[in-house]
Amino acid sequence: MRYSLAAAAAAVFAFASMPVSAHEVRTEDHLFEPMYADGNAGIDIGEGWKLKGDIRAGWVDYDYGNPPPGNSQVSRGHIDSKGFFVLPKLSVETVRFNGFYGKITGIFVTDFGLNDPAYNSRTFAFGTGGKPYALTQEAFVAYDSRDHHFLAGRNEIYTPMIERDDWYLMADSFEVATYSNTAIEHFTLTGGYFYKMAGPWDSAADGANFHTMADASFVSAADKRRVGDPGVGFAAVDWHTSEHHLQVWEYYATDLYNTLFVQYDYRGRASEAFSYTAGVQLINFKGIGQLASHDDTVIDYSLMSARFDGSFSGGFDFATGISKYTDGEGQGATLGAWGGYPYFANGMIFHFFEAGSLRNAASYKGQIGYGFSQTAAGGLWIGMRLTYFDLDPAYSKTVSGEGQERMFLQGIRLSYSARNGTYFTGTYEQYQLTGEPDTSALRLIGGFKF
């Protein structure tokens with residue numbers, strides 16, 4: 001990503017999807033909500049049935065310094081992409097009967113024929129066909145009681161490493177079955193199975209259709225052919241109090257790789273005017289089964305991170321993070337796969353895979369922001385982030401073989417969400433990377449939820 005803060009300040013941004021009003025702390029955003037909650041009140045259409053909607057529009061512009069038709073030696077072959085899209089989304093939720101209910105959601109993605117197809121390769125809106133499409137994103141049955149929570153079908157679910165990632169033009173959706181139990185005070189026990197997904201940004205397959213988790217993964221084509229269509233099983237233990245939050249998640253992608261996610265956060269208050277969150281995180285990725293038996297994709301590394309975030313009663317907040325990758329392979333095949341971005345210091349909201357490799361790398365993040373909750377502007381927030389990657393040139397190289405020593409990212413964001421459902425986020429980002437042209441991203445995305 002390429003960053004010029006002067007240009008950024010001149011741009012009025014929009015950051016995608018759900019009407020968030022603060023910085024990116026994704027695991028905390030979902031700390032106590034059900035994994036499949038959408039947060040929309042909806043319109044009562046009779047007998048307890050509800051109509052819900054999200055009418056969204058967005059302009060995205062990704063400048064890789066590589067205009068069409070593109071040069072495979074520049075920016076890893078990524079071609080400049082831009083366009084305007086409209087994404088109306090409607091849901092019908094059934095009346096609740098003894099804790100049971102259902103929901104169906106459809107979305108339509110179109111550019112009204114206004115965009116230049118030559119600039120559509122990486123707008124992350126259309127599927128591989130490059131045309132407008134409709135998709136049934138949700139179709140599930142669920143059960144909620146005091147201690148038991150169950151869902152099966154298509155859903156925009158959240159878990160740390162596999163999630164809806166509704167921060168761009170549209171959310172990821174999954175064919176999933178999951179059960180959570182909250183009978184033990186302060187504990188949530190969860191298990192489930194992902195079978196398929198659709199998501200233009202996070203799926204390596206076709207976002208306009210559902211594909212198996214293996215097909216949607218970032219492993220090699222050869223490994224995908226060998227594996228076939230198994231999904232990803234998962235289990236989790238979550239312990240939380242007003243101050244402490246410990247979560248352990250285990251994801252087993254049959255014949256692909258195992259992911260262990262462990263995170264602990266402490267929420268404290270130094271005074272009436274200042275509160276903070278301090279956290280540590282470990283994520284381990286390890287190839288298993290068929291993938292581990294072949295050399296097409298090698299996955300065997302860990303990511304260790306720490307953070308310290310704080311907020312002041314006057315409206316100012318900050319976020320810091322540091323991460324270290326071990327000297328093992330597989331970052332490009334795992335980071336961001338299936339929509340999970342819980343990382344403390346992995347850059348901006350743009351892709352951070354432009355570096356040849358993050359093997360043995362370290363990254364450092366600093367962010368400041370200001371929320372206008374104490375003013376007439378209400379749900380308005382503006383912030384700036386800087387992230388520096390210390391790359392290992394022995395592993396991170398350009399397509400031509402030049403070693404890469406650093407990647408520097410900077411960006412600025414303005415977001416707004418109102419109680420009436422209106423939301424808007426604008427983000428401008430830049431990065432400088434050894435051996436590549438500066439790259440930038442501008443996203444202006446907003447809409448109205450009901």
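**View 1. Thr-427 is a buried residue, with a relative accessible area of 1%.** Buried here means under 20% relative accessible area, exposed over 50%, and partly exposed in between, with a 1.4 Å probe and protein chains only. Thr-427 belongs to strand β19, residues 422–433, where strands (E, at least two residues) are DSSP runs numbered from the N terminus. The side chain of Thr-427 makes a polar contact of 3.0 Å with the side chain of Arg-413; such a contact is a pair of N or O atoms within 3.5 Å, of which, within protein, one must be able to donate a hydrogen and the other to accept it, and residues adjacent in sequence count only if both atoms are side-chain atoms.

The model is predicted, so local features need pLDDT of at least 70 and side-chain atom pairs count only at pLDDT 80 or more, whereas totals for chains, interfaces and linings use all residues. Residues are numbered from 1 along each chain as its sequence is written, and side-chain values use heavy atoms, with hydrogens and water left out.

**View 2. Gly-53 lies in strand β2 and is buried, with a relative accessible area of 4%.** Beyond its neighbours within four places in sequence, Gly-53 is in contact with Asn-40, Lys-89, Leu-90, Phe-448, Lys-449 and Phe-450, contact meaning heavy atoms within 4.5 Å. Gly-53 and Phe-448 are 395 residues apart in sequence, yet 8.0 Å apart in space, C-alpha to C-alpha.

**View 3. Trp-49 is found in strand β2, residues 49–63.** The relative accessible area of Trp-49 is 36%, which means that Trp-49 is partly exposed.

Conventions. Helix = DSSP H or I, 4+ residues; strand = E, 2+ residues; numbered from the N terminus.
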